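I opened this entry to keep track of what I looked up, residue by residue. The notes follow the order of my checks.

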Amino acid sequence: MKEAIKYLIVPTMGIFLLSGCVEQPKPLYNWGNYVASTGEYTIKGHEKEVREKHSAELKNMIEESQSKDMRVPPGIYAEYGQVLFESGQSSEAKKYFLLEKNTYPESTIFIDRVIKKLYGDN
């Protein structure tokens, strides 16, 4: 009986020790502090300080994702473009709308409508 327990315990402990060494999968996207930032922006987005803070968070997410060789989360380029447009930086905003369209081709119909509505062209 002692021999049977010994043969069960040693492999079981080995499995537990090795499973602790398994590398966690790399996350697909970098969401940064998006949830807190967008929550505040949704409520107080009309305030310049909150809009600038949210814009900085979006820009930080984009830069961090690019530096870590990760995809920018879906919709972030478009949202950053929207914030830039609302801040009067329309030409810079269009660049980010096009980045959203190029990164996520499934957004093409939506982004084309946004661009047409905001700029009057495609």
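I started with the contacts of Leu-58. Leaving aside neighbours within four places in sequence, I found Leu-58 in contact with Tyr-34, Ile-76, Glu-79, Tyr-80 and Val-83. I note here that the model is predicted.

Next I looked up the largest nonpolar core, which has 18 residues. Leu-58 is among those with the most contacts inside this core, together with Ile-62, Ile-76, Tyr-80, Tyr-96 and Phe-97. I then listed the elements that give two or more residues to the core: helix 2 (34–44), helix 3, helix 4 (76–86), helix 5 (90–103) and helix 6 (108–119). Helix 4 supplies the largest share, 6 residues. As a general remark, nonpolar side chains tend to be buried together in soluble globular proteins.

I went on to Ser-55, which is found in helix 3 (residues 48–67). Is Ser-55 buried or exposed? Its relative accessible area is 15%, and the cut-off for buried is under 20%, so Ser-55 counts as buried. Setting aside neighbours within four places in sequence, I have Ser-55 in contact with Tyr-80 and Val-83. Both Tyr-80 and Val-83 are also on the contact list of Leu-58.

Then I turned to the aromatic rings. The structure holds 5 aromatic pairs, and I wrote down two of these. For Tyr-29 and Trp-31, the ring centres are 6.2 Å apart and the planes stand at 70°, so I logged the pair as edge-to-face. For Trp-31 and Tyr-34, the centres are 5.6 Å apart and the planes are at 50°, so that pair is tilted. Tyr-29, Trp-31 and Tyr-34 form one aromatic cluster.

Tyr-29 has 22% relative accessibility and counts as partly exposed. Trp-31, at 39%, also counts as partly exposed. Tyr-34, at 16%, counts as buried.

Which residue lies over the face of Tyr-119? I found Lys-94 there, at 5.1 Å from the ring centre.

Conventions. Residues numbered from 1 in each chain as written. Predicted model: local features only at pLDDT ≥ 70, side-chain atom pairs only at ≥ 80, totals over all residues. Heavy atoms only, no water. Helix = DSSP H or I, 4+ residues; strand = E, 2+ residues; numbered from the N terminus. Buried < 20%, exposed > 50% of the residue type's maximum accessible area, 1.4 Å probe, protein only. Contact = heavy atoms within 4.5 Å. Core = buried A, V, L, I, M, F, W, Y, C linked by side-chain atoms within 4.5 Å. Phe/Tyr/Trp six-rings, centres within 6.5 Å; stacked < 30°, edge-to-face > 60°. Lys NZ or Arg CZ within 6 Å of the ring centre and 35° of its normal.
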